[in-house]
Amino acid sequence: MRITVLTLFPEMYENFLQTSVFGRAISRGLVSVDFVQIRDFAPGNYKHVDDTPYGGGAGMVMKCQPVIDALNSIRTDASHVVLTSANGIPYTQKKARELSQKEHLVILCGHYEGMDARIETFTDEQVSIGDYVLSGGELASMVIMDSVVRLLKGAIRDESISEESYENGLLEYPQYTHPAEYAGMQVPEVLLSGNHAKIREYRLRESLRLTKERRPDLLEKRVLSDEEIRLLKETEEDD
Ligand code: ADE
C-alpha cells in the first residue's frame, strides 16, 4: 500500500514513521509513505496558501489552487482521497478496514479555520476522528495511518486484531500479566486455571460487562448470540 500525505507540516511525521508498528511496516515493505508540501504549489514569493473568508468571519481559509494542484501532482486512478475535517463523517474501525484495502491512500490535511468548500468536490470523502476540534489535520491523519497500517497483513499477528476492541462490536476484555498479585490485587483465578473454555467465557462476559457499562450504544447496535445474552444476564446478576 502507498500512502501520500498532503500537508503544510511534513516534519510532524518524522518520529511517528520510525516508531513501533508503523516503522516495522515500512521496513517490511508493507507500506510506503510520501509527502507533498502544499506550500510548494503556492505562487509568488510569499507562498500564501490561505486567504480571508468571503462573507467575513474569524480566521483564514485554505485556497483551492495550491491544494488542488498539490493533489493533481500525485493523484492516479488508484488514488482514494480522504480529507480530514471536524465536519467529516465519524472515523471508525470499519472505515479503517475499508481504507486498508486501498492501493493508494491520499490524506489531505486541513488547516487554519477550514478549507474552501470547493476542495471537497476533488476528494472521495471527509472524515472526523472525534467530536472535538484540532488545530490541523496532521494528528487526525496519523490516527488514520496508524489504524490502517496495523491492519495490513504481516504488520501484527492476526489474532491480535481479531480479539481487539471494536473488531467484534464489543470493547476488549481486561488483560493481565505477571505477577499474579500486585499491590494486593489478584489476577482473576480463572486466567490462572489453564481451562481454555472457561477463559474464553470469562473474557466474553467481561467484554459484555465493559461494553454495557461504557458503550451501551455499541450493544444496542449489535445482535447478541444466545450465549452472549446468557453471559450478559450473569453480569446483571453480579451487579
Ligand atoms: N481537523 C480539525 N478537527 C478535526 C477532527 N476532529 N477530525 C479530523 N480532522 C480535524
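Start at the ligand and select strand 5 (79-90): with three residues, this strand gives the most to the shell around the ligand. Strands here are DSSP runs of E of at least two residues, and helices are runs of H or I of at least four, both numbered from the N terminus. The model is predicted, so local features need pLDDT of at least 70 and side-chain atom pairs count only at pLDDT 80 or more, while totals for chains, interfaces and linings use all residues. Residues are numbered from 1 along each chain as its sequence is written, and side-chain values use heavy atoms, leaving out hydrogens and water.

**The ligand shell**

Keep the ligand selected and show what surrounds it: Thr84, Ser85, Ala86, Val127, Ser128, Ile129, Gly130, Tyr132, Val133, Leu134 and Ala140. A residue is near the molecule if one of its heavy atoms lies within 4 Å of it.

A ligand nitrogen lies 3.1 Å from a polar backbone atom of Gly130. For Tyr132, the distance from a ligand nitrogen to a polar backbone atom is 2.8 Å, and for Leu134 it is 3.0 Å. On its own the ligand has 260 Å² of accessible area, of which the protein covers 94%; areas come from the Shrake-Rupley method with a 1.4 Å probe.

Now select the five strands of the open sheet, in the order 2-1-6-5-7, with parallel pairing. Two strands pair if DSSP finds at least two bridges between them. At the edges are strand 2 (32-37) and strand 7 (125-128); each has a single partner strand, so one side of each lacks a neighbour in the sheet. From one strand to the next, the twist averages 30°.

Zoom in on strand 1 (residues 2-7) and strand 6 (residues 104-109), which pair in the parallel sense over five bridges. Val5 has Ile107 in strand 6 as its bridge partner.

Axes are lines fitted to C-alpha atoms, for helices over the stretch in contact, with angles from 0 to 180 degrees between N-to-C directions; contact means heavy atoms within 4.5 Å.

**Two backbone details**

Select Ser20, in helix 2 (residues 20-27): its phi is positive, about 55°, although Ser20 is not a glycine. Move on to Pro179, in the loop between helix 6 (158-162) and strand 8 (181-182). The peptide bond from His178 to Pro179 is cis, with omega near 0°.

Conventions: A polar contact is a pair of N or O atoms within 3.5 Å; within protein, one must be able to donate a hydrogen and the other to accept it, and residues adjacent in sequence count only if both atoms are side-chain atoms.
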